[in-house]
Amino acid sequence: EASSSTDFIRTIIAEDKQTNKYGGRVVTRFPPEPNGYLHIGHAKSIYLDFGVASEHDGGVCHLRFDDTNPTKEDIEYVESIQEDVNWLGFDWGEHLYYASDYFEQLYQYAMQLIKTGHAYVESLSADEIRDYRGTLTDPGRESPYRNRSIEENLDLFERMRAGEFEDGAYVLRAKIDMASPNITMRDPTLYRIRNVPHHRTGDAWCIYPMYDFTHCISDAIEGVTHSLCTLEFENNRPLYDWVLETLDLPKPRPQQIEFARLNLEHTTLSKRHLRRLVEGGQVSGWDDPRMPTISGLRRRGYTPEAIRHFCEHIGVAKRDSTVRMSLLEYFIRQDLNQRAPRAMAVLRPLKVVLLNYPEHDEETLEAINNPEDPGAGTRQVPFSRELYIEREDFMEEPPKKYFRLAPGREVRLRYAYFITCVDVIKDDAGQVVELHCTYDPETRGGSAPDGRKVKATLHWVSAAHAVDAEVRLYEPLLQTPDSADSDSPDDFTQTLNPNSLDVLTGCKLEPSLAEAPPGERYQFERQGYFCVDSRDSTPARPIFNRTVTLRDTWAK
Ligand code: ATP
Ligand code: MG
Ligand code: MG
């Protein structure tokens, strides 16, 4: 499934191969921080990082955990990330790395910066540092500690490592340029004190390196050639280059190239926001089927193929844009239309009794498993005197253009017979509770020997044979199309859709679905694509998730 597209990143890599910049090597990396689950935005990066590497002979993509911030990280995330990358169809082979494995080397490099006069230990508080740093319109001011002697810096930094100080007492800063128009270059922090254990290194460290210091050096250590990241790191590129250059690391050095992140309408792709939903209980977990996480999409019924096709389609560009949810849904519909077996399921049942069908009789009818796939064959569906149809497939007073069942009207039951409604049974409150119909035995299989036509075909389930199930319908997480990835947390929760989950109980499924294994996907005829919930469903209490409706419901 090699990418056919070409884009500015592939063009740069092709040029580097032509000029032999990296001796023909192509090494990329996908560098998640294990502080949450992967989402569809990460899939875009994964598809690019692994995809680009696979297009070149000997090209490799590393999976590297950027695990330098122990306060938010956890082994649970390390494991889920590996599972998700694999599930998406990518393989890092033996190239699994952890930035935390470089802590000693990183420390030595920091010492080297101090010894060459390029880093100093700062005593200002975090607030003071921010204040001294200035703004876009104001140049920064130099810290009074900027000109400590090399000896003093070495001594303090060693004592930082030795655990002599509280969190925040000192940081190590690069000595670059407090007047730089690029605020990132105004003496950025390289190390901070965090007296917390790390999920891999335990208590070995109490100082932890910052992203900007860690990332470029990790790339260099691993021989990464092209370090692809999202646009918000554009201002960090000069720092990436400064660290490698100032440490005089061997050439050719890795290069950072930025591309636009994925934004999706009606959801958020900010880990911080996703975590708030999980911790606040607004969703059932990172794998809640409403979440844009890979595990959520998987549980919802998405296939890795659909996600890859989506990533292929959106491509990579240099300008941020927001993609419509309907585009993602288009790709899962395409995929499931080809391979999901069809089944009949009545979500909101209305009882139908066929007055002229012999009591206690039953028969089986042949149904096509997948019209898109003749190899999928057929199955037998039981039929009997009492059936369920969809409540919305009957109207007592049908408006024009409503062709489904109504008093006195004849319709077709899929794979079965024509039926005519002869009586409407109501409860005391006037609610329709049952329909009495007759069936025409001559129409078995769905057509009339006398050639008469009906205008509607309904799905149905035999009452005596039906499997009771719960069906969960999902709507978007956010009411407004804007992705809530701004920094205003209030806006974010205000825009949450209170009706993003609709649980239907007492749904009636055809009996072949009784044995459906967790995760199995189906098209419920006329309804959409559904899958067996992989977490909550049991044979005694089947639960299905709606992956997507049959038609695009976004288009107006
Ligand atoms: P954090 O908020 O913790 O920084 P993050 O979303 O940046 O979260 P990382 O684990 O740091 O997550 O990301 C790993 C890689 O995935 C990075 O290279 C990042 O640029 C990329 N990535 C993250 N979000 C998106 C997105 N929406 N679209 C494309 N790539 C993304
Ligand atoms: Mg990050
Ligand atoms: Mg980020």
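Trainee: Let's start with the record. Which residues does UniProt list for the catalytic domain?

Mentor: An unreviewed UniProt entry lists residues 26-337 as "domain: Glutamyl/glutaminyl-tRNA synthetase class Ib catalytic". In the predicted model, that stretch is 40% helix and 14% strand, and its end C-alpha atoms are 37 Å apart.

Trainee: And where is the 'HIGH' region?

Mentor: UniProt, again in an unreviewed entry, puts the "short sequence motif: 'HIGH' region" at residues 32-42. The span is 27% helix and 0% strand, with end C-alpha atoms 8 Å apart.

Trainee: How do I read the way two helices pack, say H2 and H11?

Mentor: Take the axes, then the residues that touch. The axes of H2 (residues 40-54) and H11 come within 10 Å and cross at roughly 70 degrees. Angles of 65 to 115 degrees count as roughly perpendicular, so H2 is roughly perpendicular to H11. On the H2 side, Ile 40, Ala 43, Lys 44 and Tyr 47 meet Ile 307, Arg 308, Cys 311 and Ile 314 of H11. As for the spacing, an α-helix has 3.6 residues a turn, so residues three or four places apart point the same way.

Trainee: What span should helix H12 have, and what does the model give?

Mentor: The rule is 1.5 Å a residue, counted over one less than the number of residues. H12 (residues 325-339) has 15 residues and should therefore span 21 Å; its end C-alpha atoms are 22 Å apart, which agrees.

Trainee: Which residues of H12 are buried, and what covers them?

Mentor: Leu 328, Glu 329, Phe 331, Ile 332, Arg 333, Asp 335 and Leu 336 are buried. Their cover includes helix H11 (304-314) and strands S10 (262-264), S25 (521-524), S26 (528-532) and S27 (543-549).

Trainee: On to sheets. What is the strand order in the open sheet of four strands?

Mentor: Follow the pairings from one strand to the next. Here the order is S4-S5-S6-S7, with antiparallel pairing. Strands S4 (119-122) and S7 (207-209) stand at the edges: each has a single partner strand, so one side of each is left without a neighbour in the sheet. Neighbouring strands are turned by 20 degrees against each other on average, direction ignored.

Trainee: How many bridges link S4 and S5, and which helix lies across the sheet?

Mentor: Four bridges pair S4 with S5 (residues 171-174) in the antiparallel sense, and Ala 119 has Ala 174 in S5 as its bridge partner. The helix is H4 (residues 103-115), which lies across S4, S5, S6 (189-193) and S7 at about 100 degrees to S4.

Trainee: Which strands pair with S24?

Mentor: Among them are S13 and S23. Two bridges join S13 (residues 345-346) to S24 (residues 501-509), antiparallel, with Val 346 opposite Lys 508. Seven bridges join S23 (residues 467-474) to S24, also antiparallel, and Arg 472 stands opposite Val 503 there.

Trainee: Is Glu 390 buried or exposed?

Mentor: Count the neighbours: 20 or more other C-beta atoms within 10 Å means buried. Glu 390 has 21, so Glu 390 is buried. Glu 390 is found in strand S17 (residues 386-390).

Trainee: What is Glu 390 in contact with, beyond its neighbours in sequence?

Mentor: Leaving aside residues within four places, the contacts of Glu 390 are Val 346, Leu 347, Arg 348, Leu 350, Leu 458 and His 459. Val 346 is the residue opposite Lys 508 in S24.

Note on methods
Residues are numbered from 1 along each chain as its sequence is written. Chains are lettered from A and ligands numbered from 1 in the order in which they are written. This is a predicted model: local features need pLDDT of at least 70, side-chain atom pairs count only at pLDDT 80 or more; totals for chains, interfaces and linings use all residues. Two strands pair if DSSP finds at least two bridges between them. A residue is buried if 20 or more other C-beta atoms lie within 10 Å of its own, exposed if 12 or fewer, and partly exposed in between; C-beta atoms are placed from the backbone. Two residues are in contact if their C-beta atoms, placed from the backbone, lie within 7 Å. UniProt positions are given in the numbering used here, feature names are shortened, and annotations may be inferred rather than shown by experiment. Axes are lines fitted to C-alpha atoms, for helices over the stretch in contact, and angles run from 0 to 180 degrees between N-to-C directions. Angles under 35 degrees count as roughly parallel, over 145 as roughly antiparallel, 65 to 115 as roughly perpendicular and the rest as oblique.
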